[in-house]
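This report describes one protein chain, beginning with the chain as a whole and ending with a single residue.

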Amino acid sequence: MRRSWPTAAMQSLRILGMFKDMVLRDNARELNRYDAIVTVEDTVASARRLGITHPRLIYLPHGCGDRARGFTDEVRAFDHVLLPGEKSAQRMLDAGLIRADNHSVIGAVKLETCAMLPRAGQPLFAQKRPVVLYNAHKARGLSSWPRFIEPMLEQFSAQDRFNLVVAPHTKMFRRRAQSVRDRWNARSNATILIDTGSDACVDMTYTMAADIYVGDVSSQVYEFLVTPRPCVFLNAHNIDWRDNPDFAHWHLGDVIDDPRDLPAAIAAAPERHALYRARQEDMAARSLGDRTPGAARRGADAIRNFLCP
């Protein structure tokens, strides 16, 4: 892959959303030597217009959430789509993004992969308390971060009942200077752990360790719900969400829109969990699909059968 552009220029192109297309176009000749491209993001949907004509395009979405961004027209550009569960498959079928003959439901490869990773033995906090995970998305117009983060840090600093992990979407700080990430991480203390982008943000360390989930539109909520547990969702933009499939997961816990209501909602979440547990189990099963070992193997078999029918 070419790396001749100065760092500052590449950073500007990333911000403009052009860099990935440029990389694909500049490497079209090399990529055309392959029979297939398997990708976990939909950027490769632009491959055909960039001169990449030979390889079959296979899409394995990296999440299983409900946000509209996962169900865009780009999906139609792929020759085959691998999906974790029936929820995503049915929604894509209903929208005409996939066909009955060009997708496979294989289960959640990420769950299987993360289960095999070595884990650090030490606890996240010295003092054992219930752990609340705040997992904000970065999406403009949906993220709760700008409105909730400072009140949340103030609220948790003034109590000793819960520990708090702040682990926002891994892309929220990806393009920020290291000094900015360092300043946020340095605000961690005995009861608050702030992580702006380590491996623990994506390898299920925090979703496995937490007792209560607080978030907005991240698909990580379904990773948390591998084991049904209390959730609180943050409607920071007064969204009319109840009949909107993009917010199906907001039916899996209480939803609040005022930061001042957060401490009471978190305190009440364990008792109120009984109201949501059955729905959580159903939605997690339909979102994550087959959780028996072998998701990666089922994906590999689906690719092999597609390429060599």
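## Surface and model

The chain exposes about 16,000 Å², and 52% of that area comes from carbon and sulfur atoms; accessible areas are computed by the Shrake-Rupley method with a 1.4 Å probe, and for residues only the protein chains shown count as cover.

The model is predicted, so local features need pLDDT of at least 70 and side-chain atom pairs count only at pLDDT 80 or more, while totals for chains, interfaces and linings use all residues. Residues are numbered from 1 along each chain as its sequence is written, and side-chain values use heavy atoms, leaving out hydrogens and water.

## Overall build

The chain has 12 helices and 10 strands (DSSP runs numbered from the N terminus: H or I of at least four residues for helices, E of at least two for strands). With a radius of gyration of 21 Å, close to the 19 Å from the globule rule for 309 residues, the chain is as compact as a globular protein of that length. This radius is taken over C-alpha atoms, and the rule is 2.2 Å times the number of residues to the power 0.38.

Of the 309 residues, 48% are buried (under 20% relative accessible area, with a 1.4 Å probe and protein chains only).

## Asp42

Asp42 sits in the loop between strand S1 (36–39) and strand S2 (56–59). Asp42 is buried, at a relative accessible area of 11%.

Leaving aside neighbours within four places in sequence, Asp42 is in contact (heavy atoms within 4.5 Å) with Tyr59, Arg69, Thr72, Glu74 and Phe78.

Note on methods: Buried means under 20% relative accessible area, exposed over 50%, partly exposed in between (1.4 Å probe, protein chains only).
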